[in-house]
Amino acid sequence: MNIEHCISVFDAMIGCEIQLQNLDSTIEVVIPPGCQNGKRFEYPECGMISKNGKRGKLTLTIHYNAPSVVSPTSIALLASLQNSLTNQ
């Protein structure tokens, strides 16, 4: 079973917890800080139930989009943050 889930770029940078609704349950997933766009997570025995009664694998793919930033103040703030993160 494959699930694609979209989070904010901020959640991808600092990490977050999300809840996924499976066919018959809810799965709590921890997204680690620094998650890259398109990152795949696999959860054995959390997917669909097969004919033999065993659960398959659940694959989660994380996606995110950067928000539109047009304010000069916001752009300057993000540039400052970028400099502090890349000059460590």
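Trainee: Which strand does T61 lie in?
Mentor: T61 lies in strand β5. Strands here are DSSP runs of E with at least two residues, helices are runs of H or I with at least four, and both are numbered from the N terminus.

Trainee: What should I know about the model before going on?
Mentor: This is a predicted model, where local features need pLDDT of at least 70, side-chain atom pairs count only at pLDDT 80 or more, and totals for chains, interfaces and linings use all residues. Residues are numbered from 1 along each chain as its sequence is written, and side-chain values use heavy atoms, with hydrogens and water left out.

Trainee: Back to T61. Is T61 buried or exposed?
Mentor: T61 counts as buried, because its relative accessibility is 13%. Buried means under 20% relative accessible area, exposed means over 50%, and partly exposed is in between, using a 1.4 Å probe and protein chains only.

Trainee: Which residues does T61 contact, beyond its close sequence neighbours?
Mentor: Leaving aside neighbours within four places in sequence, T61 touches I3, E4, H5, G38, K39 and R40. Contact means heavy atoms within 4.5 Å.

Trainee: And T59, where is that?
Mentor: T59 is also placed in strand β5. T59 is buried, with a relative accessible area of 4%. Setting aside neighbours within four places, T59 contacts M1, N2, I3, R40, F41 and E42.

Trainee: What about L60?
Mentor: With the neighbours within four places left out, the contacts of L60 include I3, H5, I18, L20, V29, I31 and F41.

Trainee: Which residues touch the most other members of the largest nonpolar core?
Mentor: That core has 17 residues, and I7, I18, V29, I31, F41, L60 and I62 touch the most other members. A nonpolar core is a set of buried Ala, Val, Leu, Ile, Met, Phe, Trp, Tyr and Cys residues joined through side-chain atoms within 4.5 Å.

Trainee: Which element gives the largest share of this core?
Mentor: β5 does, with four residues. Elements giving two or more residues include α1 (9-14), β2 (16-21) and β5 (58-65).

Trainee: Zooming out, how many helices and strands are there?
Mentor: The protein chain has two helices and five strands. Along the sequence the pattern is β-α-β-β-β-β-α. The chain is more spread out than a compact globule, because its radius of gyration is 17 Å, well over the 12 Å that the globule rule gives for 88 residues. That radius is taken over C-alpha atoms, and the rule is 2.2 Å times the number of residues to the power 0.38.

Trainee: What box do the C-alpha atoms fill?
Mentor: Roughly 60 × 25 × 15 Å, taken along the principal axes. Of the 88 residues, 25% count as buried.

Trainee: Now the loops. Where is Q36 found?
Mentor: Q36 is in the loop between β3 and β4. Q36 is exposed, with a relative accessible area of 53%. Beyond neighbours within four places in sequence, Q36 contacts I62 and Y64. The C-alpha atoms of Q36 and M13 are separated by 8.4 Å, though the two residues are 23 apart along the chain.

Trainee: What is phi of E45 near?
Mentor: Phi of E45 is near 60°, a positive value in a residue other than glycine. Most residues other than glycine have a negative phi. E45 sits in the loop between β4 and β5. At 62% relative accessibility, E45 counts as exposed.
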